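Please look over the chain shown here before reading the briefing that follows. The points are grouped by topic, starting with how one pair of elements is arranged.

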Amino acid sequence: MSRTELKVFRVKQGLSQKQMAEKLDYSRGHYVRFESGEAETTLRFLQALETAFGLSFEEAQAVMKRDKE
């Protein structure tokens, strides 16, 4: 499972993985697992995206959309 959208979103925000993790209140290692697709996203993660970036739930879900490949 790819998390290409999450990486693109992070890069557009001008953040490193460490900065993104801190903004979402996760360790860098845990965040990297989300971005690489090794960890399934959780409701807590989506809520953190919403809060940190002022996104709606739908917008947060779009950031985490799975590639269909």
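**Briefing on the helix packing and the core**

Helices α1 and α3 are oblique to each other, a term for angles that are neither under 35 degrees (roughly parallel), nor over 145 (roughly antiparallel), nor 65 to 115 (roughly perpendicular). This is a predicted model, in which local features need pLDDT of at least 70 and side-chain atom pairs count only at pLDDT 80 or more, while totals for chains, interfaces and linings use all residues. Residues are numbered from 1 along each chain as its sequence is written, and side-chain values use heavy atoms, with hydrogens and water left out.

**Overall make-up**

- The protein chain has 5 helices and 0 strands, where helices (H or I, at least four residues) and strands (E, at least two) are DSSP runs numbered from the N terminus.
- Of the 69 residues in the protein chain, 36% are buried; buried means under 20% relative accessible area, exposed means over 50%, and partly exposed lies in between, with a 1.4 Å probe and protein chains only.
- Among contacts (heavy atoms within 4.5 Å) between residues at least 6 apart in sequence, 49% join residues at least 24 apart.

**Packing of α1 with α3**

- The axes of α1 and α3 are 7 Å apart and meet at an angle of about 125 degrees; axes are lines fitted to C-alpha atoms, for helices over the stretch in contact, and angles run from 0 to 180 degrees between N-to-C directions.
- On the α1 side the contact is made by Leu-6, Lys-7 and Arg-10, and on the α3 side by Tyr-31, Phe-34 and Glu-35.
- These residues divide into 3 nonpolar, no polar and 3 charged, with Ala, Val, Leu, Ile, Met, Phe, Trp, Tyr, Cys and Pro counted as nonpolar, Asp, Glu, Lys and Arg as charged, and the others, Gly among them, as polar.

**The Arg-10 and Glu-35 pair**

- Arg-10 belongs to helix α1 and is buried at 9% relative accessibility, and Glu-35, in helix α3, is likewise buried at 9% relative accessibility.
- A polar contact of 2.8 Å joins the side chains of Arg-10 and Glu-35; such a contact is a pair of N or O atoms within 3.5 Å, where within protein one must be able to donate a hydrogen and the other to accept it, and residues adjacent in sequence count only if both atoms are side-chain atoms.
- The side chain of Arg-10 also reaches the backbone oxygen of Leu-15, at 3.0 Å.
- Not counting residues up to four places away in sequence, Arg-10 touches Leu-15, Ser-16, Gln-17, Met-20, Tyr-31 and Glu-35.

- Met-20, Lys-23 and Leu-24 of α2 meet Phe-45, Ala-48, Leu-49, Ala-52 and Phe-53 of α4, a contact with 7 nonpolar, no polar and 1 charged residues.

**The loop residue Asp-25**

- Most residues other than glycine have a negative phi.
- Asp-25, in the loop between α2 and α3, has a positive phi of about 65 degrees although it is not a glycine, and Asp-25 is exposed, with a relative accessible area of 58%.

**The nonpolar core**

- The largest nonpolar core has 19 residues, and those with the most contacts inside it are Leu-6, Met-20, Leu-24, Phe-45, Leu-49 and Phe-53; a nonpolar core is a set of buried Ala, Val, Leu, Ile, Met, Phe, Trp, Tyr and Cys residues joined through side-chain atoms within 4.5 Å.
- Two or more residues of this core come from each of α1 (4-12), α2, α3, α4 and α5 (57-63), and α4 gives the most, with 5 residues.
- Leaving aside neighbours within four places in sequence, Leu-49 is in contact with Phe-9, Met-20, Leu-24, Gly-54, Leu-55, Ala-60, Val-63 and Met-64.
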